[in-house]
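Please look through the structure below before reading on.

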Amino acid sequence: MTVPAQTLPPPEAPPPAAPPAAAPAQRRRALRRILRNPLSAGGLVVVAVMLLAAALADVVAPFPYELTNFDTTLQPPSPEHLFGTDELGRDQFSRVLHGLRVSVAVGVLSVVLSLLVGVPLGLLAGFYRVLDPVISRLTDTMLAFPFLVLAVGLAAILGPSQTTATIALGVGGVPLIIRVARSETLRLRELDFVAAAVADGASDVAVLGRHILPNAVNALIVQATVSVPAAVIGESVLSFLGLGVRPPTPSLGVMISSAQPLFRDGPWLAVFPGVAIVLFTLALNLFGDGLRDALDPREVRR
Amino acid sequence: MGRYLLRRLVESAVTLVLATMVVFAGVRALPGDPARTLAGEEADPAAIAAIREKYGLDQPLPVQYYRYVENLLHGDMGRSLRTGLPVTETIAAALPVTLQLAVFSLVVAVLIGVGAGVVAAVRRRGPAEWGANAVALLGLSVPNFWLGLMMILVFAIAFPVLPASGFVSVFEDPVESFRHLLMPALVLGTGLAAVVMRQTRSAMLEALSADYVRTARAKGLSQAQVVLGHALRNSLIVVTTIVGLQLGALISGAVVTEQIFVLPGFGKLTIDAVFTRDYPMIQGVVLVTAAGYIVINLLVDLLYSVIDPRIRVGGGDL
């Protein structure tokens, strides 16, 4: 029982066998339920606004993020420079927008990487009893390595960079994805519509791809809404330690890291990038909570 | 019980062997020739060949791996390239710092986490539950290194009441040790507290609706007796497990915390080793961390199976 509770499969009786075709309608219903919950709807709005601002950073930012101005160095927040300026006179608001873009890119790409590796392995482990012990033992071994140690090792091999951070976070996230995909497969494999497909002579590939995977998507989406904020924080930690994104590229972690020596003269330099991280991860977690409740078929509507 | 114990022991041993293989392979995957690195930039080919022979780098990989494990079993992890000191000794010197920090953080996490979890479960649908949920969410959303910086900003710079850095052992000066470790322990403990709180709350909710609690109430026991004597006692099984599992995350968190508060512990050793490309040291810290992780997981599993007999019967698998 070395599994954190949130990754356990639903222990109770499986939901009524939903044929794959019902999934889109179910998802539309889920979206409506999320929007009715003010916290998760708020989370969704904040995430959407921040993603938009990050994506359009070049257009939205009031200054180019690398523009230095030695007349306005280390200025506290003002109407002109909302988040103040750093020791080179660079506008911190613009840098936070670009930093957010880098951090979110690392976060999302790393989770995509985890999914690409973890989902097939999880499906195989759940579907073929022969492969299960091998893959599960591999998963345990990976979990035996604290994530940071993996990142440290990768940074030592590849050298610290944005790519290294993405790979480290992506690989670090694989075991969790394997577990979710595996437990979903174990659950779905026993359901009637899968048994019917097998009896109908469907090939293993067809069963996995057409019946099991589409029905495991919900659980994977929920896991992703937990993994992405964790990866964004992970990126900031790695970059803060100098193992991830390197200056002058402004990721939120890099900004906090380079603010540290100027702590007494320009505390705002460390404050705003951190607030951006907290706001984004908090909003995404709130949305994720709502999503989990909405997609959980066991949840009885009150 | 015997069979389960044996199975978990074998599994842990296999995982540990795999870990040594990964560490061994990882170091071989590093860019550059280690013999050349050891010999220095301007070494002549003869010197490089000599080093290669001395360290057995001219042997086939399985032989090298065998030697590596042999040395490990003798407690020999080589010498640091940076300081020339044995890796084993250096790690042994740094561990007490990290352990004191970890224990203090654990206390913080359990006090806050269990307390808030119980309150949130007993007073449902009120401000208490809402507040506890908010704290838990914040705990998951605030990067702990940033929280550490903000605490330094407030408690060491704006209102200088606590030292911003340094370490004093609890065995030398308990008061100063407390002052030095308070902020690091709060930083490291809050993330864990959020997890503990969530688990405590859901375990308490389940326990409070169980039959034995209804029986206890029917017997006329007070609310405090029911909550603390019955529900909490049974919930602590789950909490113990979660705390055990989170010890690994605590190790990762300690790396960052030690970096912020300049504590000369295991985590700082790790980061310094990476930046100075001190490969024997990297190899050592990675392996020690992995071994610690595996042993903790084993102990937690065994503890759990002692507390909850169903695990043994079920074989501990999903």
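Helices here are DSSP runs of H or I that hold at least four residues, and they are numbered from the N terminus. The model is a predicted one.

## Leu295 of chain A

Leu295(A) has its place in helix 11 of chain A, which covers residues 268-295. A residue counts as buried if 20 or more other C-beta atoms lie within 10 Å of its own, and Leu295(A) is therefore buried, since 20 other C-beta atoms are found within 10 Å.

When its neighbours within four places in sequence are left aside, Leu295(A) is in contact with Ala30(A), Asn218(A) and Val222(A).

## Helices 4 and 9 of chain A

Helix 4 (residues 92-127) and helix 9 (residues 204-241) of chain A have axes that come within 8 Å and cross at roughly 145°, and the crossing is right-handed. Among the residues that make this contact are Ser103(A), Gly107(A) and Phe127(A) of helix 4 of chain A, together with Leu208(A), Ala224(A) and Glu235(A) of helix 9 of chain A. By kind, the residues of the contact divide into 16 nonpolar, 6 polar and 1 charged.

## Helices 5 and 8 of chain B

In chain B, helix 5 (residues 87-122) packs with helix 8 (residues 174-208) at an angle of about 35°, and their axes are 5 Å apart. The crossing of helix 5 of chain B and helix 8 of chain B is right-handed, and the residues of their contact comprise 23 nonpolar, 6 polar and 1 charged.

Definitions and conventions:
Residues are numbered from 1 along each chain as its sequence is written. Chains are lettered from A and ligands numbered from 1 in the order in which they are written. This is a predicted model: local features need pLDDT of at least 70, side-chain atom pairs count only at pLDDT 80 or more; totals for chains, interfaces and linings use all residues. Axes are lines fitted to C-alpha atoms, for helices over the stretch in contact, and angles run from 0 to 180 degrees between N-to-C directions. Helices (H or I, at least four residues) and strands (E, at least two) are DSSP runs, numbered from the N terminus. A crossing is left-handed if the near helix is turned anticlockwise from the far one by less than a right angle, and right-handed if clockwise. Ala, Val, Leu, Ile, Met, Phe, Trp, Tyr, Cys and Pro count as nonpolar, Asp, Glu, Lys and Arg as charged, and the others, Gly among them, as polar. Two residues are in contact if their C-beta atoms, placed from the backbone, lie within 7 Å. A residue is buried if 20 or more other C-beta atoms lie within 10 Å of its own, exposed if 12 or fewer, and partly exposed in between; C-beta atoms are placed from the backbone.
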